Amino acid sequence: MTDTVSNFEFLKQHDPVYFQLASTAEQVFASDPNTTLMKLRQLGEALAQDVAARSGVMFDDGTSQSDLIYRLNREISLEPEIKQLFHSLRIEGNRATHQFKTQHKEALDGLKLARALAIWFHRSFTDSKQAFKPGSFVLPQDPSHQLQKLQTDIQSLQNQLVENNDRIQNSQKLASLLTQEKEEYAVLAQQMDAESQS
């Protein structure tokens, strides 16, 4: 996301690590969507730990993210959407870590989920009394878009070539049949001519 403002600028007010995780996830989107989801999982963990610390929910280094989300939900009653955002980032991050096959669409979905969670976090824990307007989500460039367009164009041209080849073949067949017809007329005319002279 060079020359573009991050979708997570507002996290700078909370902890530089949060912004670093989020902005790195954006920056590697084009070249490594797998890493995007892993960084977003880490962001989800960091935010959950921050919420737990602020809320007095006990956890330690051995507490899994799944357990921490469960404890947060039990003790401070997370909104269902927020709980789902935490879980989605955890699950997709795990999948990216273990399956190595993340597509750009999955990483893009992850960025949107992480931004929604970060906006909730910012609104819940900022000291500012001003109304927070996060603005629209800025889509990172999808490098596969150009490739997909090229593939669509190639397929379209191949279809046109097949149609044109069919037309040429049909035209050649028609020309051949017309030639045969002419020859048959000529033969028939000769036979009729010969019969009329006999």
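Student: Which side chain does Glu45 meet in a salt bridge?
Tutor: Arg41, at 1.6 Å from N to O. A salt bridge here is a side-chain nitrogen of Lys or Arg within 4 Å of a carboxyl oxygen of Asp or Glu. Just keep in mind that this is a predicted model, where local features need pLDDT of at least 70, side-chain atom pairs count only at pLDDT 80 or more, and totals for chains, interfaces and linings use all residues. Residues are numbered from 1 along each chain as its sequence is written, and side-chain values use heavy atoms, with hydrogens and water left out.

Student: OK, and where do Glu45 and Arg41 lie?
Tutor: Both are in helix H2, 4 residues apart, which is about one turn of the helix. Helices (H or I, at least four residues) and strands (E, at least two) are DSSP runs, numbered from the N terminus.

Student: Is Arg41 buried or exposed?
Tutor: Arg41 is buried, at a relative accessible area of 17%, while Glu45 is partly exposed at 21%. Buried means under 20% relative accessible area, exposed means over 50%, and partly exposed is in between (1.4 Å probe, protein chains only).

Student: How many salt bridges are there by this rule?
Tutor: The count comes to 7. One of them joins Lys105 and Asp109, at 2.9 Å from N to O. Those two sit in helix H5, 4 residues apart. Lys105 is exposed at 58%, and Asp109 is partly exposed at 31%.

Student: What about Arg115, which salt bridge does it have, if any?
Tutor: None: Arg115 is buried yet has no salt bridge, and the nearest side chain of opposite charge, Glu26, is 6.7 Å away. For charges, Lys and Arg count as positive and Asp and Glu as negative; His and the chain ends are not counted.

Student: So what is Arg115 in contact with?
Tutor: Leaving aside neighbours within four places in sequence, its contacts include Asn7, Phe8, Phe10 and Phe137. Contact means heavy atoms within 4.5 Å.

Student: What is its radius of gyration?
Tutor: The chain has 33 Å, whereas a compact globule of 198 residues would be near 16 Å. That value is taken over C-alpha atoms, and the globule rule is 2.2 Å times the number of residues to the power 0.38. The C-alpha atoms fill a box of roughly 120 × 35 × 25 Å along the principal axes.

Student: Where is confidence lowest?
Tutor: In helix H6 (residues 143–197), at a mean of 76, while helix H2 (residues 33–55) is highest at 94. The score is pLDDT, the predictor's confidence in each residue, from 0 to 100. The chain averages 85, and 92% of the residues score at least 70.
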